[in-house]
Amino acid sequence: MKRIKLPAHIAIIMDGNGRWAKRRFRPRAYGHRMGVQNMFKICGHAFNLGVRIVTVFALSAENLSRPKEEVDELFELFRSYFSKKKERMYELNVKICVLGDISVLPADIQESIGEIERATAHLTSGLLNICVNYGARQEVVRAVNKAVALGRFVDENSLESLFYTGGLPDPDLIIRTGGEIRLSNFLLYQAAYSELYFSGKMWPEFSKRDLEKAIENYSARDRRYGNVREE
Ligand code: IPE
Ligand code: IPE
Ligand code: MG
């Protein structure tokens, strides 16, 4: 990869698993399984390139309204990676945090998530946030209610500190695969000045080279934050 300006924090909307599978005459669940495998590959590559934080959208709050069969298959996949194959998670050698309301997940998965978070808490070469049953609007409402419970008015800093992403820098680059040009309730507040990159590739086929292209594209952008640039 050329000499480039690396984003410190990349967020990824991993979309297109179902369509990728359908095009191969396979069930949607197969797409999700391949999607999880690709998540390890792409996140691992991002950390190898020197990215410090990767935040992936694994399951939105709204996704729980999908047919029960698909939701159960997704839970089974989480069970597999958070419980049975959690060593795969440890292989990334980065701290893992799960963001979102996990209280609706089966108890064994919740326990495994706690275990993974504790087991990786000391790792400092990178941070992988996995958003599960996450919704940006729900996150804002939750934060406001926390502030109300504390009897406090908020400013930007104190509100942000109450988000799931509290204490983290905003994503520099948000990548969405799958061809849709929207955020689908992902990190809406934190995305205020994020650079957005949309790929027509379905998530399971999004390659390491595709990630590098997204980063190169980001690197060439001029982030002005509402200001003017010195000539
Ligand atoms: C993204 O893939 C993964 C989840 C939402 C869980 P989709 O399941 O949305 O795949 P498409 O968009 O239907 O192809
Ligand atoms: C966004 O994809 C959620 C995840 C990738 C986890 P969706 O497939 O749910 O988004 P929409 O329905 O196309 O907006
Ligand atoms: Mg989708």
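Reader: Which helix is Ser80 found in?

Author: Ser80 belongs to helix α3, residues 68–84; a helix here is a DSSP run of H or I with at least four residues, numbered from the N terminus. This is a predicted model, where local features need pLDDT of at least 70, side-chain atom pairs count only at pLDDT 80 or more, and totals for chains, interfaces and linings use all residues. Residues are numbered from 1 along each chain as written, chains are lettered from A and ligands numbered from 1 in written order, and side-chain values use heavy atoms, without hydrogens and water.

Reader: Is Ser80 buried or exposed?

Author: Buried, because its relative accessibility is 13%, and buried means under 20% (1.4 Å probe, protein chains only).

Reader: What is Ser80 in contact with, leaving aside neighbours within four places in sequence?

Author: Lys85 and Lys86; contact means heavy atoms within 4.5 Å.

Reader: New topic. Which residues surround ligand 2?

Author: Among them are Ile13, Phe57, Asn63 and Ser184, where a residue counts if one of its heavy atoms lies within 4 Å. Strand β2 (residues 53–60) gives the largest share of this shell, 4 residues; a strand is a DSSP run of E with at least two residues.

Reader: How far is an oxygen atom of ligand 2 from the side chain of Arg182?

Author: An N or O atom in the Arg182 side chain is 2.8 Å from a ligand 2 oxygen atom. For Arg176 the distance is 3.3 Å, and for a polar side-chain atom of Asp15 it is 3.1 Å.

Definitions and conventions: Buried means under 20% relative accessible area, exposed over 50%, partly exposed in between (1.4 Å probe, protein chains only). A polar contact is a pair of N or O atoms within 3.5 Å; within protein, one must be able to donate a hydrogen and the other to accept it, and residues adjacent in sequence count only if both atoms are side-chain atoms.
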